[in-house]
Amino acid sequence: MVALATAEPIIYPAVGAALGIEHVSHAFDIDGAALPVLEDVSLSVQPGEFVALLGPSGCGKSTLLRLIAGLEPPRSGVLREDDVHIKGPHPSRVVVFQDPTLFPWRSVWNNVALGLEAQGILKRQRSRVDAALELVGLAAFRNAYPHQLSGGMAQRVALARALVNDPKVLILDEPLGKLDSLTRITMQAELVALWQRKGFTTLLVTHDAEEALFLANRVIILSDRPARIKADIAVNRAYPRHRGDPYLVGLRKEILGLLGLDATW
Amino acid sequence: MSTYSLSDAIAAEAGQSTSRARDSVGWLRVAGPGIAAAAVWVAFGLACLHWEDRGDWSQTRSLGIAGFVIAALTLLGALGADHLGKVGTGLRQRVPWLLVLGAFVTLWEVATAKFAWLPLPFFPPPQAIIEVYTDDLPKLLDSVFASVKLQLGGYVIGALVGFLTGVSIGWSRSVGYWVHPVLRFIGPLPATAWLPIAFFTFPSSWSASTFLIALATGFPVTVLTWSGVASVSNAYYDVARTLGAKPSFLVLKVAIPAALPHVFVGLFMGLGSSFAVLVVAEMIGVKAGLGWYLQWAQGWAAYANMYAALIVMSLLCSGAITLLFRVRDHLLVWQKGVVKW
């Protein structure tokens, strides 16, 4: 994995899809009352871009991801993938959740194979599963069961389970949120390397400004619930980035200011 | 195990003069229970052969000899356990049981056949039960076969119907709407309460009993399968859906495997309640099976036959549960810490 992390920053031609989010609003029904979570969110993401969504906890970031994934329809507004209206989930847009949610009754290999099996193409393309496991460095654990894995390993398997589908859009819902800080730093570097190799469009929800700046081309700041776009910040820095880079440190201060946390820094 | 090696190490340090004495103490500690168990079984053999029987039983002599054979095997096993590998360790673990069992059988023999402290014929001696197995074997085997056939048929039908119903209720709201009230109304009723109705509505007592066993099995299987399917976390469905899963995949590859631990609890509970129905049905309606054999033996005051049938029944029920748990362990290897039977 270390080799992956320090891989040369060659940017391959993007295979990612463009995303269009047009005037999307959404609300939840809680005890009969509508609780607005997203308010007129418009955002357009270029193919191959790495966009981080940053906002206070509970602001509706994850809801936006669920809408993009097609797991729920929005109350109003339109979401598009390459100009195609998103009307339901599709394996071209795969989500990695905060919890790895591996299926405990399936071995690591069979967990990774899940998408190909669901699409009915596993029999012809078994090697893709092996390749995905190789990619996250867990080929040796192919027969292990999820309860035998550490948190970081489980999240890597979840990542492999997403990548085996060759998604055009990778949707990451705080995938590193529950990992210890050391594993987190390693996996951040791995994520960048994977993104650069594969060229998919990436959307990352996080509440960690440093993580967003280390990974993304673009950081979107969301307001408190109901979430609106507060700022759209471009991060013009080549990869691999360094956490101590004064440019990133400056941006971080700016972001924390936007989130109303500048007093703590 | 570590405590043994620790005491060995202490013994080695204590000097050679005391080590020999300690060795023999250690040897006695290991082999002692085996010798005691063998002695108890010798006592059983002697008790069989020494005193006159207070009744007319043909197998007393063979039983006494069997006691000596068990004693010899126990002694051999206890002394040579180290050279017998796995069998030896297994035997050593069971030595306390062998001892208690021997004492119990000896007491039983003495209290019934020899001094009749317990009234005959209600408390038959061990040789009377052995006699049943040697003399009445064909009828007993027929009964076993009939019981197994009836139980298996009813259980498989009940388990399948219960499983399918449970999955349907857990999965589909509209199926739940119609089936749930029926289940609540009929399910808690003990299956035996249906007995009178079942026996005149069904064409044969065999089909009626199959229905009742299926009913007794079906209810717990349905409820637990349903609760298993209903409690599957939505996160699993979300993951599968984003990976391109169709509804059939969600049912067969997500809901059912996730619910399987619950299903097995239902299958276990269903097995227990179906045994009860089986025996009652055989006693009342079906003219075959172990329940019928028990009833028949009671009619003839053949108490030894009743005990013999009870022992067989217990072995069969326990065997069925063992089998079920084996299947479960095989299918649920991915679970941590499942209960061992």
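The following is a conversation about a predicted model and the terms used to describe it.

Modeller: Two conventions first. Residues are numbered from 1 along each chain as its sequence is written, while chains are lettered from A and ligands numbered from 1 in the order in which they are written. Because the model is predicted, local features need pLDDT of at least 70 and side-chain atom pairs count only at pLDDT 80 or more, whereas totals for chains, interfaces and linings use all residues.

Biologist: What is the mean pLDDT of chain B?

Modeller: pLDDT is the predictor's confidence in each residue, from 0 to 100. Chain B has a mean of 86, and 92% of its residues reach 70 or more. Chain A averages 84, with 93% of the residues at 70 or above. For the complex, the predictor gives an ipTM of 0.85 and a pTM of 0.81.

Biologist: Where in chain A is confidence lowest?

Modeller: In helix 1 (residues 2–5) of chain A, at a mean of 43. Helix 3 (residues 108–112) of chain A is highest, at 93. Over residues 1–13 of chain A, pLDDT stays under 50. Where pLDDT is low, the predicted coordinates should not be read in detail.

Biologist: What makes a stretch a helix here?

Modeller: Helices (H or I, at least four residues) and strands (E, at least two) are DSSP runs, numbered from the N terminus.

Biologist: Why is helix 10 of chain B called roughly antiparallel to helix 11 of chain B?

Modeller: Helix 10 (residues 234–242) and helix 11 (residues 247–284) of chain B pack at about 150°, with axes 11 Å apart. Axes are lines fitted to C-alpha atoms, for helices over the stretch in contact, and angles run from 0 to 180 degrees between N-to-C directions. Angles under 35 degrees count as roughly parallel, over 145 as roughly antiparallel, 65 to 115 as roughly perpendicular and the rest as oblique. That angle therefore makes helix 10 of chain B roughly antiparallel to helix 11 of chain B.

Biologist: Which residues of helix 10 and helix 11 of chain B make the contact?

Modeller: Two residues are in contact if their C-beta atoms, placed from the backbone, lie within 7 Å. Helix 10 of chain B brings Tyr236(B), Tyr237(B) and Ala240(B). Helix 11 of chain B brings Phe249(B), Leu250(B), Val254(B) and Ala258(B).

Biologist: What makes those residues nonpolar?

Modeller: Ala, Val, Leu, Ile, Met, Phe, Trp, Tyr, Cys and Pro count as nonpolar, Asp, Glu, Lys and Arg as charged, and the others, Gly among them, as polar. By class, this contact of helix 10 with helix 11 of chain B has seven nonpolar, no polar and no charged residues.

Biologist: Why are helix 6 and helix 7 of chain B called oblique?

Modeller: Helix 6 (residues 137–171) and helix 7 (residues 173–186) of chain B pack at about 125°, with axes 7 Å apart. Helix 6 and helix 7 of chain B are therefore oblique to each other. Thr165(B), Ser168(B) and Ile169(B) of helix 6 meet Val175(B), Gly176(B), Val179(B) and His180(B) of helix 7. Three residues of this contact between helix 6 and helix 7 of chain B are nonpolar, four polar and none charged.

Biologist: How many residues of chain B are in contact with chain A?

Modeller: 14 residues of chain B, with 21 residues of chain A. On the chain B side, helix 10 supplies the largest share, seven residues. By class, that side has nine nonpolar, two polar and three charged residues.

Biologist: Which peptide bond is cis in chain A?

Modeller: The one joining Tyr239(A) and Pro240(A), with omega about -10°. Pro240(A) lies in the loop between strand 10 (229–234) and helix 9 (246–258) of chain A.
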